[in-house]
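Hello,

Here is the structure I promised to pass on to you. Please have a look at it first, and then read my notes below.

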Amino acid sequence: MSPITNCIKNKDTKINPIWLMRQAGRYLPEFREIRKENQNFIKLCLNSDLASEITLQPIKRFGFDGAVIFSDILMLPYGIGQRVEFEKNYGPKLGDIEIEKINKIDEINFTENLSKVYEAISKTSKNPIMTNRDMIGFVGAPWTILVYMINKSSPKKGLSSEFYKDDLLINKLLTIIDKFLKLHIKNQVDAGAKVIQIFDSWAGLLENEIPEYIYEPTLKIVEYVKQLGVPVICFPRGIKDYKNFCEIVKPDAVNIDYDVDPKKIIKEIKIPIQGGLDPTILLTDQINLKNKVEKYLSIFKDHPYIFNLGHGILPETKIEMVENLINIVRNFK
Ligand code: 1CP
C-alpha cells in the first residue's frame, strides 16, 4: 500500500508521507515554462498530456509520496456551464449564473465536458513513477464552490450581504453542486484517483451558518466518497473548531491550517492529521525551516501524520527550500 493510504487506513505512525498543496504550480520553473506557452488556464487543464506532465513535475523533481492532479476546483462550475476564466494578476473570473442553461446539463454532458481531466488522471496513474505513490484527486467543498459561483471572483475581501439575498437560488445551487461534485469524484476515482481531498478554502468566512453550509453539505460528500471505498481528506481552512468539524463530518483525515495549535489539536482529534506548516516558513531560511518542521514532526510523532502545509505553497518559494523540507521530513527520527 502507498504511504499516504497506509497512513490513513492503517494509522501507521512509522513514516510521515509528504506532499504539498499546490505542488504542481507556479514555484516550479518547468511549470512556468509550459504556462508561458499556454495562456488559457482552463485549456491547459483540459490538455491531458500537459496536465499529466505538470502533475508529474514535482514527483520527478522531489519524489513526493502523492501526485495531485493538475486541475482546479473551478472546473466544476465550468463543467456545468458557467463561464470561468483566469485573468493574470487578478485570479478567477466567473460568468453570470444562467440557471436554465445549468439545468440542461446532465451527467453525460458534464462527464464529456471534463473528460480530459479524467484522461489526465488515468494517464498519470499509469506512469511507472506512480508505483507506490498515491494519485490524489480533489474537489472544492460545496460551500467554497457556492462562494465562487455566486460571488464570481475571489472572496478575498469578504462577502457582502448581497451574497445571501436569494435563498431559493442558494438552495438550488447547493443541490446542483452536490449532484455534480459526487459525479466529479466518481469519475476521478474511476480514472485512478486513490485519495480524494476536499478543499474548503473559504470555510473561515463563516461563523453562525457553519452547520448549514459546511457540516451538512460536506458530510454528504464525505459519506459518498467513503461508499466508493476511497480515503477522504477534508481541509476546512480557517474554521475555528476543527474538533467539532471532525466529529460531525467524520473525514478519514483532516488537513489543518497554520492557525491551528498542533499541541492542542492532537489531544482533540483521533483521526490522521495532515499539514499545518505556514507556507511562508519556506520563504525564510534553512535553520528556521528545520526548527518549525521538526516541531510538527515531534508533536505528531505517535499520531498518524502526513506532512503538508497549512495552505498552498507560495509561487515565490525557492526550489532549494522544498528540497530541504523533503530532506528534513525523510531524515527525521
Ligand atoms: O499559472 C497560474 O496563474 C494558475 C495558478 C493556478 C494553479 C497552478 C490556479 C488558479 N489553479 C492551479 C491549480 C490547482 N488549484 C490545483 C492543482 C495543482 C496542485 O495543487 O498542485 C489545486 C489542487 C487547486 C485548488 C484550488 N483552486 C483551490 C483550493 C486550494 C487553495 O489554494 O485554497 C482554490 C481556492 C482554487 C481557485 C484558484 N485557482 C487559481 C487561483 C489563483 C485560485 C485562487 C483564487 C482566489 O484567491 O480566490
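What follows is a short tour of the sheet and some of the helices.

First, some housekeeping. This is a predicted model, in which local features need pLDDT of at least 70 and side-chain atom pairs count only at pLDDT 80 or more, while totals for chains, interfaces and linings use all residues. Residues are numbered from 1 along each chain as its sequence is written, and side-chain values use heavy atoms, with hydrogens and water left out.

Let me begin with the sheet. Helices (H or I, at least four residues) and strands (E, at least two) are DSSP runs, numbered from the N terminus. The open sheet is built from 7 strands with parallel pairing, in the order S1-S4-S5-S6-S7-S8-S9; two strands pair if DSSP finds at least two bridges between them. Its edge strands, S1 (66-68) and S9 (305-306), each pair on one side only. Strand S4 (residues 134-140) runs parallel to S5 and is joined to it by 5 bridges. Phe138 stands opposite Gln197 in S5.

Next comes helix H11. Its 18 residues (210-227) should span 26 Å at 1.5 Å a residue, and its end C-alpha atoms are 24 Å apart, which agrees. The expected span here is 1.5 Å times one less than the number of residues. Among the buried residues of H11 are Ile210, Tyr213, Pro217, Ile221 and Val225, where buried means under 20% relative accessible area, exposed over 50% and partly exposed in between (1.4 Å probe, protein chains only). The cover over the buried residues of H11 includes helices H9 (142-151), H10 (167-191) and H12 (242-249), together with strands S5 (195-199) and S6 (232-235). Just after H11, Gly229 has a positive phi of about 80 degrees.

How do H10 and H11 cross? Their axes come within 10 Å and cross at roughly 25 degrees. Axes are lines fitted to C-alpha atoms, for helices over the stretch in contact, and angles run from 0 to 180 degrees between N-to-C directions. H10 and H11 are therefore roughly parallel to each other; angles under 35 degrees count as roughly parallel, over 145 as roughly antiparallel, 65 to 115 as roughly perpendicular and the rest as oblique. The residues making the contact include Leu174, Asp178 and Leu181 of H10 and Tyr213, Lys220 and Ile221 of H11, with contact meaning heavy atoms within 4.5 Å.

Asp178 deserves a look of its own. This residue of helix H10 is buried, with a relative accessible area of 15%. Leaving aside neighbours within four places in sequence, Asp178 is in contact with Lys220 and Ile221.

Helix H15 has 13 residues (319-331) and should span 18 Å at 1.5 Å a residue; its end C-alpha atoms are 18 Å apart, which agrees. Its buried residues include Ile319, Met321, Asn324 and Val329. Helices H2 (29-37), H4 (48-62) and H14 (286-299) are among what covers the buried residues of H15.

Ile34 lies in helix H2 and is buried, with a relative accessible area of 11%. Not counting residues up to four places away in sequence, Ile34 touches Leu44, Leu50, Glu53, Ile54 and Gln57.

Lastly, the axes of H4 and helix H8 (residues 115-126) come within 8 Å and cross at roughly 50 degrees. That makes H4 oblique to H8. Residues of H4 including Ser48, Ser52 and Thr55 meet residues of H8 including Lys116, Ala120 and Lys123.

Best wishes
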